[in-house]
Amino acid sequence: MKEGQLVIFDLDGTLLDTIADLACAANHSLSALGLAPRTEAECETFVGNGVGKLLERALPEGYKTPEYMEKIRPAFFAYYDEHLTDRTKPYPGMAKLLAELQSRGVKLAVASNKYQRATERLVKHFFPDISFSAVLGQREGVPVKPDPSIVNEILMLANAAKEDALYVGDSDVDMQTAKNAGVRVCGVTWGFRSRAVLAEYRPDFITDDPNEILDMLG
(Lines give C-alpha, C1' and ligand atoms only; values in the text may rest on other atoms or scores of the structure.)
Protein backbone atom coordinates (compact mmCIF):
# COMPACT_ATOMS: atom_id res chain seq x y z
CA MET A 1 0.00 0.00 0.00
CA LYS A 2 1.32 3.42 -0.96
CA GLU A 3 2.69 5.49 1.92
CA GLY A 4 1.20 8.81 2.99
CA GLN A 5 -2.40 7.99 2.22
CA LEU A 6 -5.21 9.77 4.05
CA VAL A 7 -8.86 8.83 4.47
CA ILE A 8 -11.18 11.63 5.61
CA PHE A 9 -14.50 10.50 7.06
CA ASP A 10 -17.71 12.43 7.51
CA LEU A 11 -19.21 11.71 10.95
CA ASP A 12 -23.04 11.71 11.00
CA GLY A 13 -24.40 9.09 8.62
CA THR A 14 -20.94 7.77 7.77
CA LEU A 15 -19.07 6.69 10.91
CA LEU A 16 -21.95 7.07 13.36
CA ASP A 17 -25.71 6.59 13.22
CA THR A 18 -26.65 9.72 15.15
CA ILE A 19 -30.16 10.38 13.89
CA ALA A 20 -32.09 9.13 16.95
CA ASP A 21 -30.27 11.48 19.33
CA LEU A 22 -30.42 14.38 16.88
CA ALA A 23 -34.17 13.89 16.44
CA CYS A 24 -34.70 13.71 20.21
CA ALA A 25 -32.74 16.93 20.70
CA ALA A 26 -34.61 18.71 17.90
CA ASN A 27 -37.97 17.61 19.28
CA HIS A 28 -37.03 18.58 22.82
CA SER A 29 -36.20 22.04 21.47
CA LEU A 30 -39.44 22.29 19.51
CA SER A 31 -41.44 21.17 22.54
CA ALA A 32 -39.78 23.84 24.67
CA LEU A 33 -41.25 26.40 22.26
CA GLY A 34 -44.67 24.73 22.26
CA LEU A 35 -44.24 23.41 18.72
CA ALA A 36 -45.12 19.98 17.31
CA PRO A 37 -42.42 17.33 17.03
CA ARG A 38 -40.88 16.01 13.82
CA THR A 39 -40.51 12.36 12.87
CA GLU A 40 -37.10 10.71 12.80
CA ALA A 41 -37.47 10.28 9.04
CA GLU A 42 -38.07 14.01 8.64
CA CYS A 43 -35.04 14.83 10.78
CA GLU A 44 -32.94 12.56 8.60
CA THR A 45 -33.64 14.87 5.65
CA PHE A 46 -32.80 17.95 7.75
CA VAL A 47 -29.22 16.99 8.69
CA GLY A 48 -26.01 17.58 6.77
CA ASN A 49 -25.49 21.32 6.86
CA GLY A 50 -24.90 21.91 10.57
CA VAL A 51 -27.14 22.50 13.59
CA GLY A 52 -28.39 25.87 12.38
CA LYS A 53 -29.86 24.39 9.20
CA LEU A 54 -31.21 21.37 11.08
CA LEU A 55 -33.18 23.61 13.42
CA GLU A 56 -34.29 25.99 10.69
CA ARG A 57 -35.65 23.04 8.71
CA ALA A 58 -37.30 21.56 11.81
CA LEU A 59 -39.21 24.75 12.58
CA PRO A 60 -42.64 24.87 10.93
CA GLU A 61 -43.48 27.40 8.26
CA GLY A 62 -44.07 30.80 9.79
CA TYR A 63 -41.61 30.13 12.60
CA LYS A 64 -38.34 30.13 10.63
CA THR A 65 -37.47 33.58 11.97
CA PRO A 66 -34.37 34.99 13.69
CA GLU A 67 -36.39 35.28 16.89
CA TYR A 68 -37.32 31.60 16.97
CA MET A 69 -33.83 30.55 15.88
CA GLU A 70 -32.42 32.50 18.83
CA LYS A 71 -34.77 30.65 21.18
CA ILE A 72 -34.40 27.14 19.80
CA ARG A 73 -30.60 26.95 19.56
CA PRO A 74 -29.82 27.08 23.33
CA ALA A 75 -32.49 24.46 24.03
CA PHE A 76 -30.97 22.14 21.42
CA PHE A 77 -27.38 22.49 22.62
CA ALA A 78 -28.29 22.05 26.29
CA TYR A 79 -30.17 18.82 25.56
CA TYR A 80 -27.84 17.35 22.93
CA ASP A 81 -24.71 17.94 24.99
CA GLU A 82 -26.27 15.78 27.73
CA HIS A 83 -27.66 13.05 25.46
CA LEU A 84 -25.43 12.81 22.40
CA THR A 85 -24.40 9.19 23.12
CA ASP A 86 -27.76 7.85 24.37
CA ARG A 87 -28.79 6.04 21.19
CA THR A 88 -25.96 6.89 18.81
CA LYS A 89 -23.82 3.98 17.64
CA PRO A 90 -21.15 3.24 15.03
CA TYR A 91 -22.38 1.73 11.80
CA PRO A 92 -21.53 -1.97 11.48
CA GLY A 93 -17.97 -2.51 10.37
CA MET A 94 -16.75 1.06 10.82
CA ALA A 95 -14.72 0.53 14.00
CA LYS A 96 -13.08 -2.51 12.40
CA LEU A 97 -12.35 -0.53 9.22
CA LEU A 98 -10.71 2.31 11.15
CA ALA A 99 -8.55 -0.15 13.09
CA GLU A 100 -7.48 -1.92 9.91
CA LEU A 101 -6.63 1.33 8.13
CA GLN A 102 -4.63 2.47 11.14
CA SER A 103 -2.75 -0.83 11.25
CA ARG A 104 -1.78 -0.33 7.59
CA GLY A 105 -0.35 3.11 8.33
CA VAL A 106 -3.11 5.08 6.64
CA LYS A 107 -3.70 8.54 8.10
CA LEU A 108 -7.25 9.14 9.34
CA ALA A 109 -9.33 12.28 9.85
CA VAL A 110 -12.88 13.41 10.52
CA ALA A 111 -14.56 16.33 8.73
CA SER A 112 -18.02 17.16 10.08
CA ASN A 113 -20.60 19.93 9.98
CA LYS A 114 -21.52 19.00 13.57
CA TYR A 115 -20.30 21.59 16.05
CA GLN A 116 -16.73 21.05 17.21
CA ARG A 117 -17.16 20.01 20.84
CA ALA A 118 -19.77 17.38 19.96
CA THR A 119 -17.64 16.09 17.10
CA GLU A 120 -14.64 15.66 19.40
CA ARG A 121 -16.66 14.03 22.17
CA LEU A 122 -18.33 11.51 19.87
CA VAL A 123 -15.11 10.50 18.15
CA LYS A 124 -13.30 10.09 21.47
CA HIS A 125 -16.20 8.14 22.97
CA PHE A 126 -16.76 5.68 20.14
CA PHE A 127 -13.26 5.35 18.68
CA PRO A 128 -10.89 5.78 21.66
CA ASP A 129 -8.17 3.56 20.19
CA ILE A 130 -7.88 5.39 16.88
CA SER A 131 -5.28 8.12 16.41
CA PHE A 132 -6.73 10.72 14.06
CA SER A 133 -4.54 13.30 12.32
CA ALA A 134 -7.42 15.76 12.69
CA VAL A 135 -10.96 15.80 14.08
CA LEU A 136 -12.67 18.91 12.79
CA GLY A 137 -16.27 20.03 13.13
CA GLN A 138 -18.17 23.26 12.64
CA ARG A 139 -16.27 26.18 14.14
CA GLU A 140 -16.87 29.90 14.22
CA GLY A 141 -15.26 31.70 11.30
CA VAL A 142 -14.80 28.54 9.22
CA PRO A 143 -17.25 27.93 6.36
CA VAL A 144 -19.27 24.73 6.61
CA LYS A 145 -19.18 21.97 4.01
CA PRO A 146 -19.55 21.86 1.02
CA ASP A 147 -16.98 24.65 1.23
CA PRO A 148 -13.63 22.82 0.90
CA SER A 149 -11.88 24.76 3.70
CA ILE A 150 -12.20 21.90 6.20
CA VAL A 151 -10.64 19.41 3.79
CA ASN A 152 -7.82 21.78 2.92
CA GLU A 153 -7.12 22.28 6.63
CA ILE A 154 -7.03 18.52 7.21
CA LEU A 155 -4.64 18.01 4.28
CA MET A 156 -2.31 20.55 5.86
CA LEU A 157 -2.56 19.07 9.38
CA ALA A 158 -2.01 15.55 8.08
CA ASN A 159 0.77 16.64 5.74
CA ALA A 160 -0.99 14.81 2.91
CA ALA A 161 -1.31 15.56 -0.80
CA LYS A 162 -4.70 15.80 -2.50
CA GLU A 163 -3.87 12.89 -4.77
CA ASP A 164 -3.27 10.70 -1.71
CA ALA A 165 -6.60 11.55 -0.03
CA LEU A 166 -9.93 9.75 -0.15
CA TYR A 167 -13.03 11.43 1.30
CA VAL A 168 -15.80 9.12 2.56
CA GLY A 169 -19.32 10.45 3.17
CA ASP A 170 -23.01 9.65 2.96
CA SER A 171 -24.58 12.81 1.57
CA ASP A 172 -24.83 15.21 -1.33
CA VAL A 173 -23.00 17.72 0.88
CA ASP A 174 -20.07 15.31 1.20
CA MET A 175 -19.93 14.59 -2.53
CA GLN A 176 -19.83 18.34 -3.24
CA THR A 177 -17.21 18.95 -0.53
CA ALA A 178 -14.81 16.42 -1.99
CA LYS A 179 -15.34 17.68 -5.54
CA ASN A 180 -14.76 21.27 -4.40
CA ALA A 181 -11.55 20.19 -2.65
CA GLY A 182 -10.30 18.19 -5.60
CA VAL A 183 -9.98 14.87 -3.78
CA ARG A 184 -11.36 11.43 -4.60
CA VAL A 185 -14.65 10.60 -2.97
CA CYS A 186 -16.56 7.49 -1.92
CA GLY A 187 -20.27 7.66 -1.23
CA VAL A 188 -21.64 5.22 1.36
CA THR A 189 -25.20 3.95 1.19
CA TRP A 190 -25.83 3.15 4.86
CA GLY A 191 -26.29 6.79 5.93
CA PHE A 192 -28.88 9.51 5.49
CA ARG A 193 -29.07 9.74 1.68
CA SER A 194 -29.94 7.22 -1.01
CA ARG A 195 -27.65 5.66 -3.59
CA ALA A 196 -29.57 7.60 -6.26
CA VAL A 197 -28.80 10.94 -4.60
CA LEU A 198 -25.12 10.05 -4.27
CA ALA A 199 -24.92 8.86 -7.88
CA GLU A 200 -26.11 12.25 -9.14
CA TYR A 201 -22.75 13.69 -8.09
CA ARG A 202 -20.72 10.99 -9.88
CA PRO A 203 -18.44 10.03 -7.00
CA ASP A 204 -15.37 7.96 -7.74
CA PHE A 205 -16.87 5.10 -5.72
CA ILE A 206 -20.19 4.13 -4.12
CA THR A 207 -20.25 1.29 -1.62
CA ASP A 208 -22.64 -0.70 0.55
CA ASP A 209 -19.77 -2.39 2.41
CA PRO A 210 -17.12 -0.69 4.60
CA ASN A 211 -14.58 -3.39 3.70
CA GLU A 212 -14.60 -2.24 0.07
CA ILE A 213 -13.01 1.04 1.16
CA LEU A 214 -9.76 -0.85 1.77
CA ASP A 215 -9.65 -1.75 -1.93
CA MET A 216 -10.00 1.89 -2.97
CA LEU A 217 -6.53 2.72 -1.67
CA GLY A 218 -3.58 2.17 -3.97
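The crossing of helices H3 and H4 is right-handed, a label given when the near helix is turned clockwise from the far one by less than a right angle, with anticlockwise counting as left-handed. The model is predicted, so local features need pLDDT of at least 70 and side-chain atom pairs count only at pLDDT 80 or more, while totals for chains, interfaces and linings use all residues. Residues are numbered from 1 along each chain as its sequence is written, and side-chain values use heavy atoms, with hydrogens and water left out.

**Exercise 1. Describe how H3 packs on H4, giving the angle, the distance between the axes and the residues that make the contact.**

Solution. Two packed helices are described by the angle between their axes and the distance between those axes. Helices here are DSSP runs of H or I with at least four residues, strands are runs of E with at least two, and both are numbered from the N terminus. The axes are lines fitted to C-alpha atoms, for helices over the stretch in contact, and the angles run from 0 to 180 degrees between N-to-C directions. On that basis H3, residues 51-58, packs against H4 at an angle of about 115°, and their axes are 10 Å apart. Next come the residues in contact (heavy atoms within 4.5 Å): H3 supplies Val-51, Gly-52, Leu-54, Leu-55 and Glu-56, and H4 supplies Met-69, Ile-72, Arg-73, Phe-76 and Phe-77. Sorted by class, these residues are seven nonpolar, one polar and two charged, where Ala, Val, Leu, Ile, Met, Phe, Trp, Tyr, Cys and Pro count as nonpolar, Asp, Glu, Lys and Arg as charged, and the others, Gly among them, as polar.

**Exercise 2. Carry out the corresponding analysis for H1 and H4, and state how their relative orientation is classed.**

Solution. H1 spans residues 19-32 and H4 spans residues 66-83; their axes come within 8 Å and cross at roughly 140°. That angle makes H1 oblique to H4, because angles under 35 degrees count as roughly parallel, over 145 as roughly antiparallel, 65 to 115 as roughly perpendicular and the rest as oblique. The crossing of H1 and H4 is right-handed. On the H1 side the contact is made by Asp-21, Leu-22, Cys-24, Ala-25, Ala-26, His-28, Ser-29, Leu-30 and Ala-32, and on the H4 side by Ile-72, Ala-75, Phe-76, Tyr-79, Tyr-80 and His-83. The class count for this contact is 11 nonpolar, three polar and one charged.

**Exercise 3. Identify the largest nonpolar core, and find which element gives it the largest share.**

Solution. In soluble globular proteins, nonpolar side chains tend to be buried together. A nonpolar core is a set of buried Ala, Val, Leu, Ile, Met, Phe, Trp, Tyr and Cys residues joined through side-chain atoms within 4.5 Å, with buried meaning under 20% relative accessible area, exposed over 50% and partly exposed in between, for a 1.4 Å probe and protein chains only. The largest such core has 53 residues, and those with the most contacts inside it are Phe-9, Leu-15, Phe-76, Tyr-80, Leu-101, Leu-108 and Phe-132. H1 gives the largest share of this core, six residues. Apart from it lies another core of 20 residues, including Ile-8, Leu-136, Ile-154 and Ala-165.
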